Amino acid sequence: LDTATFTKRKELTRLAQHGIGVVMVDYEGHGRSDGTLGLILDWNLLVNDVHSFFSDITQKEFPGKKLFLLGESMGGAVAYTIIKEHPDMYAGVNLVAPMCKIAQNMMPPAWIIELGRKIAGPTGTSTAIGYLPIAPSKGDLKMLTFKLAYKRALCTRVPTIFARKPRLATARELLNATKATSESLGEFSAPFLVQHGKADRVTDPQLSQALYDESISTDKTIRLYDGMWHALTAGEPTENVELVFNDSIEWILARVNDDKKSQ
C-alpha cells in the first residue's frame, strides 16, 4: 500500500540517523514510477529490474560498502528472491512481514484461484480482463494491515496509491512468487533477519517461522512480536515501530562492525 516517497521515506530516516545509507525504489506500476498502476505482468522481470537499479546506484554512491536488502510485505518477497539469485552482492537481508505466503484467511477457494489464472493469461502477458482490479480476496486489506486508524487514514490517502483489489494478472504473479518462495525455504542460505507480527492476518507469520527453521543459513535471526499486525513500520503505535527498527538497526550494524573488527 505504501510507496518510497511517503511514510516509508519518513520512517526509514531512523536508519540514516545511525549511519546506514538508504536507497529506495518504487517498482514499475507503483508509486511515481512509470507503468500501469498496480500491474505486475512478470515477477522475475520486476525482481531483475529492482536488482539492476540497486546495483547501479550502490556502485556509484556507496562503492566498497556492505550492502543489505530490506523488504516489507511484497518487498520482502522481492528481497528474498534477489538475494537468493545474487548472494555475492549482498551481505544480508532484513525481511519484514515478508510475503512468503499470503495468509489463508485472505485466500479465495482453490477453484476460484485456478479460474483467475486461466482468465488472466500466462506470465508476462495479460488478457483485457487480467488488467481489471477484480482478484477475489477476503477482508478489507487496509483494515487488516494498519492497527491505528489515524495511520491507516494517512497511509491510504496517498494520490499514487492503488487502493483497490489486486489486478487479476498481478494476483497471478503474487501467487506464483509466494509458491516459489514457500517451496524454497530449505535452500535459503543468505544471512537474514526476519520480523513478523504474531497477529498479522495478511501474510503468514508461520511461514517466517518456517523460513527460520528450514533455512540452511548459518546466520539467521527471527523476531516475532506479540499483538503486532502487518504494517510493522507504519501502522503500529510509535513504541512498536521503534522496537522493530531498533532490532533491524542492531542487526545490520552488528554485521558491519564485526567486519570492521576483523580488518
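**Entry 1: Val93 and the cores**

I began with Val93, which, leaving aside its neighbours within four places in sequence, is in contact with Leu69, Ala79, Ile83, Phe188, Pro191, Phe192, Leu193 and Trp251, contact being heavy atoms within 4.5 Å. I note that this is a predicted model, in which local features need pLDDT of at least 70 and side-chain atom pairs count only at pLDDT 80 or more, whereas totals for chains, interfaces and linings use all residues. Residues are numbered from 1 along each chain as its sequence is written, and side-chain values use heavy atoms, with hydrogens and water left out.

I then looked up the largest nonpolar core, which has 39 residues, and found Trp43, Leu69, Val78, Val93 and Phe188 to be those with the most contacts inside it. A nonpolar core is here a set of buried Ala, Val, Leu, Ile, Met, Phe, Trp, Tyr and Cys residues joined through side-chain atoms within 4.5 Å, where buried means under 20% relative accessible area, exposed over 50% and partly exposed in between (1.4 Å probe, protein chains only). The elements that give two or more residues to this core are α3 (43–61), α4 (74–85), β2 (92–96), α8 (168–182), β3 (192–197) and α9 (205–214), and α4 gives the most, with seven residues. Apart from this core lies another, of nine residues, among them Leu15, Val241, Phe245 and Trp251.

**Entry 2: the chain as a whole**

I counted 10 helices and four strands in the protein chain, taken as DSSP runs numbered from the N terminus (helices H or I, at least four residues; strands E, at least two). The radius of gyration is 18 Å, close to the 18 Å that the globule rule gives for 263 residues, so the protein chain is as compact as a globular protein of that length; the radius is taken over C-alpha atoms, and the rule is 2.2 Å times the number of residues to the power 0.38. Of the 263 residues, 48% count as buried, and residues 24 or more positions apart account for 77% of the contacts with a separation of 6 or more.

I placed Leu115 in helix α5 (residues 110–120) and noted that, at 42% relative accessibility, Leu115 counts as partly exposed.

Gly21 lies in the loop between α2 (13–17) and α3 and is also partly exposed, with a relative accessible area of 48%. I checked Gly21 against Pro237 and found them 216 residues apart in sequence and 25 Å apart in space, C-alpha to C-alpha.
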